[in-house]
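My plan is to look things up one at a time and to write down what I find.

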Amino acid sequence: MAKKLFIKTYGCQMNAYDSARMAEVLAPLGYARAPGADGADLVIVNTCHIREHAAEKVFSELGRLRRLQQRRASEGGRMLIAVAGCVAQAEGNAIFARAPYVDIVVGPQTYHRLPELVAAAMRARIVDCDFPPEPKFDHLPEPRADGPSAFLSVQEGCDKFCSFCVVPYTRGAEYSRSAASVLDEARALVDGGALEITLLGQNVNAWHGEALAGGTWGLGRLIRELAAIPGLARIRYTTSHPLDMDEELIAAHRDEPKLMPFLHLPVQSGSDRILAAMNRRHRAADYLRIVERLRAARRDLALSSDFIVGFPGENEEDFAATLDLVRQVGFAGAYAFKYSARPGTPAAAKEGQVPMEVKEERLARLQVLLGEQQAAFNRAWVGRSSDVLLERRGRYPGQLAGRSPYMQAVHVRAPATVLNSVQRLRIVSAQPNSLAAEIEEERACA
Ligand code: SF4
């Protein structure tokens, strides 16, 4: 009988990717993913350190799991608990001090060793938070596509050291997979039914992997090679840093129709003073110039971004510069957060921390503006046609749901036969966060 594996995933797509790969690594040992932790043989809490009080949230989740673990033991079974991801990397052995019932602590660079760790944990608690010289990707099994849209991690770690961010400490230095291994994985995903691949990296456009015939390629060249894979319909990449938007990548937006015309390009602030304090190494004007070049390359390109409001030292003038940048760019969507200190980062110790009520008030103003822009972007699609990748059943009978090229959620009444295909849909109405559509012309499924 299959052993039950439950993985609780916090955070971004990179963690979702890692969770899927952990399940693949453990499959040869007989572990199959279960929908919940109750009755599981192994529970992995795959953590994220980006959000506020991340470690506290993990420990309260572990407390809940402890009760399930005890119940399992009272029934004569055993539930192993593993903590993975960035909180595991940051806390290491300290996790055992607060949660001695945890069996495994494993960092983001060593989860390919989970089979050995699980075997060792049967005897004693174990921690593995190395940064091994051999990348984990060399040891992971061939991935399986789970639906028409797949993630593919091409880059990990970061050398930028933005002063608010824990990633360089928890994920380590920048590492790029070779083009050959990325292309092999992409072909395997497409063979398994993937129509869309999203390339992932903490700083994905810093990718500079070993080329097929020696030397290195940049992300733009990699995208061109991926675009040549028959059957692959869509390519995306996330998350990018403005400094790494080079000519070749911008040209890929111009030349590769498979590269979706939607780019998540975090700017964080519109104030040069705050950008310098964040160690972003670009100014607001640099960002605007990059946006201009991107839009010159691809007229229909739309952008989303990340903003941090109330960074230490931010005054009303700085915040006004952020609002000004938002008005100049016009975003199709964005994520805005109040600044909150991450232990161990330079910004956490900065003077001039902004009072909570000021942060909340500024965040509300920014979100109103961003919300208006997103709603306007969505409204502009009413009456137009869009290619939508229909990837799941909708909430109502006969309804399917998918994503437009711009990552808009689209709902349509359509036969289940067109699930897992790209269909041309006519947008009939828009909500702030989604679109409703009808089928314009049914295309044969690949
Ligand atoms: S570029 Fe992104 S991942 Fe790297 S330090 Fe800055 S915010 Fe963190």
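The entries below follow the order in which I looked things up.

**Ground rules.** I am working with a predicted model, in which local features need pLDDT of at least 70 and side-chain atom pairs count only at pLDDT 80 or more, while totals for chains, interfaces and linings use all residues. I number residues from 1 along each chain as its sequence is written, and side-chain values use heavy atoms, with hydrogens and water left out. My helices (H or I, at least four residues) and strands (E, at least two) are DSSP runs, numbered from the N terminus.

I looked up an open sheet of 3 strands and found the order 7-10-11, with parallel pairing; two strands pair if DSSP finds at least two bridges between them. Its edge strands are strand 7 and strand 11, each of which pairs on one side only. From one strand to the next, the twist averages 25°, where axes are lines fitted to C-alpha atoms, for helices over the stretch in contact, and angles run from 0 to 180 degrees between N-to-C directions.

I then followed the pairing on each side of strand 10. Strand 7 (residues 149–153) pairs with strand 10 in the parallel sense over 5 bridges, and there Leu-152 has Leu-199 as its bridge partner, while Ser-153 stands opposite Leu-200. Towards strand 11 (residues 234–238), which runs parallel to strand 10, I again read 5 bridges, and Leu-199 has Tyr-237 as its bridge partner in that strand.

Is strand 10 buried or exposed? I noted that 5 of the 5 residues of strand 10 (residues 196–200) are buried, so the strand is largely enclosed by the rest of the structure; buried means under 20% relative accessible area, exposed over 50%, and partly exposed in between (1.4 Å probe, protein chains only). In a regular strand the side chains alternate between the two faces of the sheet. Here Glu-196, Thr-198 and Leu-200 are on one side and Ile-197 and Leu-199 on the other, and both faces are covered.

Helix 1 (residues 13–26) lies across strand 7, strand 10 and strand 11, and runs at about 95° to strand 7; contact here means heavy atoms within 4.5 Å. Helix 8 lies across strand 10 and strand 11, running at about 155° to strand 11.

Helix 8 (residues 219–227) also packs with helix 9 (residues 247–255), at an angle of about 30° and with the axes 7 Å apart. The two helices, helix 8 and helix 9, are therefore roughly parallel to each other, since angles under 35 degrees count as roughly parallel, over 145 as roughly antiparallel, 65 to 115 as roughly perpendicular and the rest as oblique. In this contact, residues of helix 8 including Arg-221 and Arg-224 meet residues of helix 9, among them Glu-248 and Asp-255.

The axes of helix 11 (residues 284–297) and helix 12 (residues 316–329) come within 11 Å and cross at roughly 10°, so helix 11 and helix 12 are roughly parallel to each other. Ala-284, Tyr-287, Leu-288, Val-291 and Arg-295 of helix 11 meet Leu-325, Gln-328 and Val-329 of helix 12.

I found a closed barrel of 5 strands that runs 15-16-17-19-18, with mixed pairing. Strand 18 (residues 421–430) and strand 19 (residues 434–441) pair in the antiparallel sense over 6 bridges, and the bridge partner of Ser-429 in strand 19 is Ala-436.

Which residues surround the ligand? I listed Cys-158, Lys-160, Phe-161, Cys-162, Phe-164, Cys-165, Val-167, Pro-168, Gln-202, His-241 and Arg-280, where a residue counts as near if one of its heavy atoms lies within 4 Å.

Most residues other than glycine have a negative phi, and most peptide bonds are trans. Phe-161, however, has a positive phi of about 55°, and this residue sits in the loop between strand 8 (155–156) and helix 6 (167–170). The peptide bond from Thr-238 to Thr-239 is cis, with omega near 5°, and Thr-239 is found in the loop between strand 11 and helix 9.
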